[in-house]
Amino acid sequence: MRRSYSVRKMLRHQRRPAELLLVPMIDIFTVLVTFLLMTAVFSRTVILELKLPPANAQFKDPPPGLQLEITVRRDSLLVADRNSGPLAPLPNKNGAYDYDALSQYLQQVKAKFPDKTEATVLLEPQIPYDTVVQVMDHVRVLEVNAGLNVVQYELFPDISIGDAPAESSP
């Protein structure tokens, strides 16, 4: 049997809106928050603070002393002093950068200049990101195996990055 339009309209206005059940929703959120907190513990993000020059940087006279620069080229690494020039060219060995020689040389520099914490990494275009990270890690810290543990010593943690100057052709 079919009801008339007016009866259906009256019944529609008398209906109450459905209730929102909050208890199951709170249970779901509790499980979700617990899951997110448990999985967030296992992820670790490392952030390095880089000192980039401002857009309107003006030239300032550098203070006397060492101005350490590490230039990353496709075929070599070059450790230099901005004021006096190249200190140690480190050519690639077997097609790979010689990070061990870089660490050893920077350890010698740190022994002569223990208070120095700044270094500049200059990069040629098209240097892979992994290479940039490897060089920065070797400039920042020296890792030494002490038995079963690896001990890290600070070398030059305040790193600035920039573009390498064009290589002069002989």
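A residue is called partly exposed when its relative accessible area falls between the limits for buried, under 20%, and exposed, over 50%; with that in mind, the following close-up views come from a predicted model.

**View A. Salt bridge between Glu69 and Arg82.** The side chains of Glu69 and Arg82 form a salt bridge in which the closest N and O atoms are 2.8 Å apart. Because Glu69 belongs to strand 1 (residues 68–72) and Arg82 to the loop between strand 2 (76–81) and strand 3 (85–91), the pair ties together parts that are 13 residues apart in sequence. Glu69 is buried, with a relative accessible area of 14%, whereas Arg82, with a relative accessible area of 42%, is partly exposed.

**View B. Salt bridge between Lys93 and Asp98.** Here the side chain of Lys93 meets that of Asp98 in a salt bridge, with a distance of 3.5 Å from N to O. Lys93 counts as exposed, because its relative accessibility is 54% and the limit for that class is over 50%. Asp98, by contrast, has a relative accessibility of 13% and therefore counts as buried, the limit for that class being under 20%.

View C. Asp137 and Arg140 both lie in helix 4 (residues 129–140), where they are three residues apart, or about one turn of the helix. Their side chains meet in a salt bridge with an N to O distance of 3.6 Å. Asp137 is partly exposed, with a relative accessible area of 30%, and Arg140 also counts as partly exposed, at 23% relative accessibility.

**View D. Network of Arg73, Arg74 and Glu124.** In this view, Arg73, Arg74 and Glu124 are linked to one another in a network of salt bridges. For the model as a whole, the count of salt bridges comes to six.

**View E. Nonpolar surface patch that includes Leu20.** Leu20, Leu22, Met25, Ile26, Phe29, Leu32, Phe35 and Leu36 form a nonpolar patch on the surface, and together these residues have about 820 Å² of accessible area. Leu20 is located in the loop between helix 1 (5–14) and helix 2 (22–40).

Technical notes
Residues are numbered from 1 along each chain as its sequence is written. This is a predicted model: local features need pLDDT of at least 70, side-chain atom pairs count only at pLDDT 80 or more; totals for chains, interfaces and linings use all residues. Side-chain values use heavy atoms; hydrogens and water are left out. Patches are made of residues with over 30% relative accessible area and no salt bridge: like charges are joined within 9 Å, nonpolar side chains (Val, Leu, Ile, Met, Phe, Trp, Tyr) within 5 Å. Accessible areas come from the Shrake-Rupley method with a 1.4 Å probe; for residues, only the protein chains shown count as cover. A salt bridge is a side-chain nitrogen of Lys or Arg within 4 Å of a carboxyl oxygen of Asp or Glu. Helices (H or I, at least four residues) and strands (E, at least two) are DSSP runs, numbered from the N terminus. Buried means under 20% relative accessible area, exposed over 50%, partly exposed in between (1.4 Å probe, protein chains only).
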